[in-house]
Amino acid sequence: MIIDKLYKYVEERGPVCVGLDTSIDYIPQDFIKKHKDEYSALFDFNRRIIDATEDIASCYKVQIAYYEVLGICGLEVYKKTLEYLRQKGLIAICDIKRSDISSTAKMYAKAHFEGDFEGDFITLNPYMGLDSIDEYLGYVKDKEKGIFILLKTSNRGSRDIQMMRLNDGKRVYEHVGDLFYKVAKEYKGEYGYSSIGFVVGCTDIQEIVNIRERYKDSFFLIPGYGAQGGTKEDVRKLMNGKNGGVVNSSRAVLLAYKKYDDAFDASARKEVLNMREEILNGI
Ligand SMILES: O=C(O)c1cc(=O)[nH]c(=O)n1[C@@H]1O[C@H](COP(=O)(O)O)[C@@H](O)[C@H]1O
């Protein structure tokens, strides 16, 4: 089960997930100028961030929109970045946030668990219901793949729908969580976590404790740390001790060179080390 590999990497390297939401605007101009075009600079930037952090990060979340926006050439960089992670034996979470009926979901599953855009985990939107994830389950069961389902997101708008109360008193996100938690239990690995986990933002202090209590043996992908205001205390409440989730940081790592006044890769390393220390010290 892929979740066991992720669990082991968190044990060895810590819970930080480096977010490769690499906008061309984030790349220092002098670095871009050294390359034949901005696409090769983009890949080289990602490669150096990966090289500088691989021993201290558990995984990498590659946000597809940052590559799609650049068209075919951007998707080439997305592909090359995933290939590079794979060659190094690192774990890639493809942040694609898909949702569709089964016949189309089958294509998404094939597109992101096989071929050019293959990753280890993908993010899915649960809005279309239980059968919308069916086509991914074969990959989870037999092909070492995993899923993170959006449960309670980090944005302010998560209150608009996810926090609404249903007739039975449950929040919408609790209803969603309860449904998918049942499915997830069938895909548990050797450490007790399932390869189907949840995305839980660390920005809603009131809900965090409830979520960890309610989904005790669920592994979380936790965004919202740093740039969106999530703190080490919030994150710690979502982790099950030291190993119950990975904490994503994208902009704070990619733009760390502005804070440390050092090379971008050395700065990214400093940021990941600081973050790891902040989260783990005190657990
Ligand atoms: O699924 C996600 O990764 C995600 C869910 C969520 O609730 N909030 C959220 O910010 N994200 C993603 O997490 C990353 C956060 O980036 P930073 O705020 O720069 O660390 C982005 O790639 C978002 O798309």
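A closed barrel of eight strands runs β1-β2-β3-β4-β5-β6-β7-β8, with parallel pairing; two strands pair if DSSP finds at least two bridges between them. Strands (E, at least two residues) and helices (H or I, at least four) are DSSP runs, numbered from the N terminus. This is a predicted model, in which local features need pLDDT of at least 70 and side-chain atom pairs count only at pLDDT 80 or more, while totals for chains, interfaces and linings use all residues. Residues are numbered from 1 along each chain as its sequence is written.

Three bridges join β1 to the parallel strand β8 (residues 245-249), and V16 stands opposite V247 in β8.

Helix α5 (residues 71-87) has 17 residues. Its buried residues (20 or more other C-beta atoms, placed from the backbone, within 10 Å of their own) are G74, V77, Y78, T81, L82 and L85. They cover an arc of only 135 degrees around the axis, taken from the directions from the helix axis to the C-beta atoms, which puts them on the same side of α5. On the other side, I72 and Q87 are exposed, a term for 12 or fewer such atoms.

The buried residues of α5 pack against the elements below, where contact requires C-beta atoms, placed from the backbone, within 7 Å.

| Element | Residues |
|---|---|
| β1 | 16-20 |
| α3 | 38-53 |
| β2 | 59-63 |
| α4 | 65-68 |
| β3 | 92-98 |

Just after α5, G89 takes a positive phi of about 75 degrees.

Note on methods:
Expected span 1.5 Å × (residues − 1). Contact = placed C-beta atoms within 7 Å.
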